[in-house]
Amino acid sequence: MNGHSPLHLWLIPVLPFVGFLLNGLLGRRLPNALVSAIALLFTAAPLALVLNIALHFSSLTLPHIEWFTTPWIATATFRADFDFLLDPLSLVMLLIVTGVGFLIHIYSVGYMAHEEGYWRYFAYLNLFMFFMLTLVLAENFLLMFVGWEGVGLASYLLIGFYFQRESAVEAGKKAFVLNRVGDFGFLLAMFLMIAHFGSVSYARVFGAIADHPQMQGGFLTAIALLLVLGATGKSAQIPLYVWLPDAMEGPTPVSALIHAATMVTAGVYMVVRSHVLFDRSPFALGVIAIIGAATALFAATVGMVQTDIKRVLAYSTISQLGYMFLACGAAAYSAAIFHLVTHAFFKALLFLAAGSVIHGLGGQQDMRAMGGLRKTIPITFWTMSAGVFAIAGLPPFSGFFSKDAILYQAFLSPTAGPILWFVGLVTVLLTAFYMFRLWYLTFFGEFRSHDVHPHESPWWMLAPLVILAILALSGGWIGIPQALGGADQFAKFLDPVVKDSALVNPEGSLNQERLFTVLSVVMALTGWFVADLLYRRKPGMADRLVARIGGLYALLVNKYWIDQVYNALIVAPLLFASRYLLWGAFDRGLVNGGGSMAAGSVRGLGALVQRVQSGNIRSYAGWLALGAAALLLITYFGFSMHL
Amino acid sequence: MYLVLFILFGGLCVAGALNLLLQRHPINSALSLIVVMSSLAVLYLLLGAEFLAAAQVIVYSGAIMVLFTFVIMLLNAGSEERTHGSRAAYIVGIPGVAILVSLLAFIFLSARTHLAQARLGDYVVSTSDLSKVLFRDLLLPFEVTSILILIAILGAVALASKEH
Amino acid sequence: MVVPIAYYLVLSAILFSIGVGAFLIKRNIITVFMSIELMLNGVNLSFVAFAYQWHRLQGQIFVFFVMVVAAAEAAVGLAIIIAIFRARSTLNVDQVNLMKL
């Protein structure tokens, strides 16, 4: 293994893999305590390594690349190796993945304590960590793709964790298939890269693009759009988002880790990593921005009417990912990553707290059966509130700073613009509304179930909640913009990675930024106010409103019937084609038929030849005479040819 | 003169063969075959094979055909009935025969100039010449054939004897 | 005054073919056997003709041996026919078909 002053980066993904092997192969026979110990150990170790690297970060020469001497693919025309890259961007991602991942592992010890398949859960979770860390540390697109595919696999395994439930199995399949569609785009993009640049290594591809400033649009747009397709699949944007709400079938910590904090952000990470490419294609950036804004608004509208607590959070995730995409589309990459970080904190927190609520109610997930829980499960209440405030974007919580950075950059950017800023602003209102709706329905009012006695969760589950709440509150303070008196440290930290973007947004004025900040806070407060009105002060009003806008409400509750549309347009024809064309005609007809035809023809031929063995001397004589004549003919003609 | 003799006895051969084919009762076929063999003996004479002509009459017509006649008599073979045996024989065999005879005739006639012309008395093989070669150079095959005949006699006796 | 050897050969071919034809057509075992003898005779004629052609008497010696073998074969064959007749009481070739599949 080579590289300048090795940091042994390869250990970071490999350690969780070892944990996966141990728990996967031996876990069935081990007691739960040992399984947890293994899982936690092999997740804490990479965290320790990453923290160590972070502490010494300023002393490193960047970008720091390590590679193995064993080549991976080495042909005359193409090379790909197991290279690992460390730079500010990957450090941020590493901290998030290992940090939040570790906290969720601790939480899972408490949450899954009485579940069957405990060992399987932790094995899959460690497997996920391995793949995600590979994705983040990769120095070329191919190794990133290995991680990309792998997290999709881990997601499938974990969504379908309760495999005896039909809905869980279906959800797992749906997630995997939709991810696959996105992966198709990713693969095509890689092929185009190989065709044009001869390599998929970041250094070579981005270096080639940077060296040729005249390279614009054209095939770069094609590559960019294909990568976007991959990103919409992994990060649940329009049109490939439909798997994320169904993915709530998995255990709640899985939803927190994979479908909130880490896996779904892989698409955003990939776009930011490839920003050199995207900067050369304003068209692609525009597309990303539109997709992001549209998804944000769309998901927020659907989230407003959901009754399952996890579904609300799922749609909220889709919506927030839309914000990150909007930021990417506005070429505000550090803002996107900033929101990714804060989102990891508060979304993980929200999911884990929801899990705590569900756990405390013995499995109840419908908010209509909750209420008044702030007195019975206070720690969960306070931590979840931190999350709600953060996502609504109220100062001084983290979500406020990150969301504002995005909105302002979107306004300024030529590829995004004021319209998309406005869409984002409306979404702020809706976000605040549905989050506070969730807050009130769950924790305020009267408790609406009768047979359950809610209890607080064990400290395994509460400790991560507290830590995440603190982070949700303070996590944004590293990115306070200059407009509000801060030093914009986060953006400066990421500058080496995203700085030389060919696309530079016009500078806004600080006052304009402050104005916009005030606007978004006002929107958030409005949302809170409306939620307060409908769900605390006048509880019946919500139902009356629903009755009046019946059609619109039905549209929202049924998620715009998108699932049904996809089913009719894509799934049903595919099933029909496979069942009747591929299986019926091709497999049974051609393949089976071919086989039986071969057998039949042999049998027929045999029957024909059998007639020669008649036992009749005269027929034997006849055949003899014919054979002799034939021999004679052959000899004569053979002879005369040679002569 | 020579040609006339050839045509006469050659024609007799063919006529006898055809009669063998066309007669229904086996005894008629046997008698036709005797005619064929006798005519062949004359043809051998025309070709200068004295000993063979004699052997043909003595052995073939005189012994073998008599054997056939005895068996026909013994088994009281009657006229043939019409049974439907094998269609393959007709469908496959007759064309085969036709091909055979036409091909052979064609070959021989087209090679006519390469072959010699037979003149009466041009090459006569005397019995002493024949016996010299037979008992000197080919003594072993001669003895072997005698053993062969011995075995054949034993076999015939074994096969044809009545079971007790 | 001369007879080309080719004519002898053609005659031999005709005799042989008639022998084959009779073999295929006739239904009585004994007649079938006789047609075999006819075939052998046809071949004998061609041997003698070639013996004349090259003035070598080895052709005639071969005819001698053929005759011997034909005699032996006739004896054994007729014995077999007698045995068959005893077993099946028929001389019809089509009814001796115990080896049919």
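Colleague: Hi! How are α3(A) and α15(A) oriented to each other, roughly parallel or roughly antiparallel?

Modeller: Hello! In this predicted model, α3(A) and α15(A) are roughly parallel to each other, because angles under 35 degrees count as roughly parallel. Their packing angle is about 5 degrees.

Colleague: Nice. And how far apart are the axes of those two helices?

Modeller: The axes are 11 Å apart. To find the pair on screen, look at residues 88-111 of chain A for helix α3 and residues 333-360 of chain A for helix α15.

Colleague: Which residues of α3(A) and α15(A) meet there?

Modeller: On the α3(A) side they are A:L89, A:V92, A:I96, A:V100, A:I104, A:Y107 and A:Y111. On the α15(A) side you'll find A:I337, A:V341, A:A344, A:A348, A:L352, A:G355 and A:H359.

Colleague: What classes do the residues in that contact fall into?

Modeller: Between α3(A) and α15(A) there are twelve nonpolar residues and two polar ones, with no charged residues.

Colleague: Let's zoom out. How many helices and strands does chain A have?

Modeller: Chain A has 25 helices and five strands. Its C-alpha trace spans about 110 × 65 × 55 Å along the principal axes.

Colleague: How much of chain A is buried?

Modeller: Of its 643 residues, 52% are buried. Also, if you take the contacts in chain A with a separation of 6 or more, 82% of them link residues 24 or more positions apart.

Colleague: Now the other chains. How many residues do chain B and chain C bring to their contact?

Modeller: Chain B brings 73 residues and chain C brings 61 residues. On the chain B side, several elements each supply at least two residues, among them α1 (2-22), α3 (50-74), β1 (117-118) and α6 (139-160). That side of chain B divides into 59 nonpolar, nine polar and five charged residues.

Colleague: You mentioned β1 of chain B. In which sense does β1(B) pair with strand β1 of chain C?

Modeller: They pair in the antiparallel sense, over two bridges. The strand in chain C covers residues 3-4, and C:V3 is the bridge partner of B:A118.

Colleague: Last one! How many residues do chain A and chain C put into their contact?

Modeller: Ten residues come from chain A and eleven residues from chain C. Helix α25 (residues 617-642) of chain A gives the largest share of the chain A side, five residues. By class, the chain A side has three nonpolar, six polar and one charged residue.

Methods: Residues numbered from 1 in each chain as written. Chains lettered and ligands numbered in written order. Predicted model: local features only at pLDDT ≥ 70, side-chain atom pairs only at ≥ 80, totals over all residues. Contact = placed C-beta atoms within 7 Å. Helix = DSSP H or I, 4+ residues; strand = E, 2+ residues; numbered from the N terminus. Nonpolar A, V, L, I, M, F, W, Y, C, P; charged D, E, K, R; others polar. Pairing = 2+ DSSP bridges. Axes fitted to C-alpha atoms, helices over the stretch in contact; angles between N-to-C directions. Parallel < 35°, antiparallel > 145°, perpendicular 65-115°, else oblique. Buried ≥ 20, exposed ≤ 12 C-beta atoms within 10 Å, placed from the backbone.
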